Amino acid sequence: MKINKSAPVMVTGATGYVAGHLVKTLISEGLTVHATVRDPNNIEKLKYLNDLESQLPGKIKYFKADLLQDGSFDEACKGCELVFHTASPFKLEIKDPQRDLVTPAVNGTQNVLQSINKSKDCKRVVLTSSCASIIGDAIECEGREYTDESNWNETSSLDHQPYSYSKTMAEKAAWEISKGQDQWDLVTINPSLVVGPGINPFGTSESFKLVKQMADGTFKMGAPAFYIGAVDVRDVAIAHYNAGFMPSASGRNIISAENTDMLSLASHLKRKYPTGYPFPKSILPKTIVWLAAPLVGFTRKMIKLNVGYPWNMSNLKSKEELKLEYTPLEKSMTDFFEQMIENNII
Ligand code: NAP
């Protein structure tokens, strides 16, 4: 299966944090991108992509599309042999998990894939899934040397880890739809926490919020022992690109530079900026985190099943099959933070 690079490629949710670097990679290679956005008249939001387009050989054509509207992606996917479906809400503070996360993630994925099936032009779909669809809580890593793509999150629900549930249900829906046809193949990209500077420095993805919180005093008494994986946003873009164009790419792909934790991520910043910011200096005892959880929007169950349990995702497949060479997280974190300082975000 070879993708014709003179045909346009579709990127859903092009104004998003992860999608921004993917669009940049594609137009750097001279490709034409059918970029779907919710509001093509929002000049302020599109200006970062437009600036890139003015400097790079490729082209961006905008299409208005909403995950919640049937047929919304019909026009954008016409003529596209390759589709990157990145759009999906990444929000941790929500009021109604079904309405705010699961419906747009799952119905949105179904909508995009139905449009693709109608167009008959697509040969490959690359879906931005997440490590959240591989495991639900860090406790599930216990007793295993490593966790790989064969694992599925079976524990998240509307009441517990609803974002992870939305990603799991959306990925499952995509695999189900892909099995029912033979026109395109599906490759999923399953990143851990994405960090690094955004194309839009004022991004609203949770990635921005978390890194900002490391420096704004939220964790000045200490950081919870949250073990996570993290990866540079620029590497995530390359992973999508390679998943799209390498004929051998297949299946699910964990994209994660390192297994790390909140305190280590903050310590990359602390080394570069030893004074001036109240970075966390130590780990908060789990009992304190557990007691305080409801005050800061976490459930005690979430703390119980995650804090203190090392995370052990394997990135072997991504290195061997997608040929990824990961950026050190120290660079990702400090580049991200520098961008926040330059833009008065912190
Ligand atoms: P983001 O910047 O908030 O991007 C989310 C994108 O989804 C935005 O472009 C947003 O459009 C779009 N979207 C949301 N609801 C929509 C709707 N109803 N109709 C059309 N578009 C809609 O977050 P991100 O971090 O880049 O996330 C992008 C993808 O990466 C998501 O699938 C997320 O699950 C996945 N991911 C992210 C991380 C991470 O750490 N950041 C890790 C793993 C996986 P607007 O611009 O109009 O709001």
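I began with strand β8 (residues 227–232), which runs antiparallel to β10 and is joined to β10 by four bridges. Strands here are DSSP E runs of at least two residues, helices are H or I runs of at least four, and both are numbered from the N terminus; two strands pair if DSSP finds at least two bridges between them. Opposite Ile228 I found Thr260 in β10.

A note on the source: this is a predicted model, where local features need pLDDT of at least 70, side-chain atom pairs count only at pLDDT 80 or more, and totals for chains, interfaces and linings use all residues. Residues are numbered from 1 along each chain as its sequence is written, and side-chain values use heavy atoms, with hydrogens and water left out.

Next I looked up the whole sheet: it is open, has three strands in the order β7-β8-β10, and its pairing is mixed. β7 (193–195) and β10 (258–261) are the edge strands, each pairing on one side only.

Then I turned to the helices. Helix α6 (residues 233–245) packs on the sheet and touches β7 and β8 (contact: heavy atoms within 4.5 Å). Its direction makes about 70° with that of β8 (axes are lines fitted to C-alpha atoms, for helices over the stretch in contact; angles run from 0 to 180 degrees between N-to-C directions). Helix α11 (residues 329–342) lies across β7, β8 and β10, at about 60° to β7.
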